[in-house]
Amino acid sequence: MQKEIREELHTETRDVEIPCEYGNIKARVYIPEGEGPFPLILHYHGGGFAIRDIECFEFISQYYCIHTPAVIVTPEYDLAPEKKFPTQVEQCYAALLWARAHAEEYQANPEKDVVTGDSAGGNLSTVISMMCRDRGVRMPKLQILAYPVVDNRIGMNRESEKLYGEHYNLDLKHMESYTLAYVEKEEDIYNPYASPLLAESLEDLPPCKIIFAQCDCLVDQGMEYVMRLKEAGVPVEYVVYKGVPHDFMFYGFPESYAAYEQVCKWINESVNK
């Protein structure tokens, strides 16, 4: 894997605790320089619901904070297998509600909120949007998903699974281990809050922007999600980054920076309408 080469970024940060009936969680708030109100971004980290934390994604959160600029809230949701679905989903939903309630303390505009994340974080971003719709809560203005997990069923024999299911950073064995760690019961895999591709309806969700990696075993399920969103009348746009594997935004590739810039562009286009 290419050695990471990253600029030094520094933003004001504050660590907070967010209450949730499924267990209180820590979150980090990144605050840009200047005068607000700024957009409000919920950044959910990836890691198969089972690994990594907000420290791992510090650089990306800071990049979004500085280059948008926006207030970024990154929840430290509990990890599997110690905590199972739907703990992570409920904690991330609670984080969105908390961020809206406290937005003005950080010069953020809660009406201009975006949910974003990569892999498992992409799953959480679109699931949180579904939960808002289903619970009668105002939905985020935009959802931005990076190579999201949208179907936790194992071994569906998709073409991308055959091509990139081994030796490409995320393999099917890893996916299986993550899924089995995440869900308590097999039927949970089919819950739309675990596998949003399987939702009965995707209508009335926020506009969706998606970043895909070409060499990713998840890309075909992601494309199926694109088609279902379009069929449901949800505005959707996507970019495929050629020659890179799943999780490429976590590393210092040129394509990583291109993807960061794309996310910032999408955010600005959305909140400035």
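Mentor: Start with the angle: axes are lines fitted to C-alpha atoms, and angles run from 0 to 180 degrees between N-to-C directions. Keep in mind that this is a predicted model.

Trainee: Fine. Which strands does α6 lie across?

Mentor: Helix α6 lies across β6, β7 and β8, and runs at about 155° to β7.

Trainee: How many bridges join β7 to β8?

Mentor: Seven bridges join β7, residues 208-215, to β8, residues 236-245. The two strands run parallel. The chain gets from β7 to β8 through α6, residues 219-231, and this β-α-β crossover is right-handed.

Trainee: And what is the bridge partner of Ile-210 in β8?

Mentor: Tyr-238 is the partner of Ile-210.

Trainee: New topic. In what order do the eight strands of the sheet come?

Mentor: The order is β1-β2-β4-β3-β5-β6-β7-β8, in an open sheet with mixed pairing. Its edge strands are β1 (12-18) and β8, each of which pairs on one side only. On average, neighbouring strands are turned by 20° against each other, direction ignored.

Trainee: What does parallel or antiparallel pairing go through?

Mentor: Strands of a sheet pair through backbone hydrogen bonds in either case.

Trainee: Back to this one. In which sense do β3 and β4 pair?

Mentor: Parallel, over three bridges, with β3 at residues 38-44 and β4 at residues 71-76. Leu-40 stands opposite Val-71 in β4.

Trainee: Which strands does α3 touch?

Mentor: Helix α3, residues 120-134, packs on the sheet and touches β3, β5 (108-118) and β6 (142-146). The direction of α3 makes about 140° with that of β5.

Methods:
Residues numbered from 1 in each chain as written. Predicted model: local features only at pLDDT ≥ 70, side-chain atom pairs only at ≥ 80, totals over all residues. Heavy atoms only, no water. Pairing = 2+ DSSP bridges. Helix = DSSP H or I, 4+ residues; strand = E, 2+ residues; numbered from the N terminus. Right-handed = clockwise from strand over helix to strand, strands pointing away. Contact = heavy atoms within 4.5 Å.
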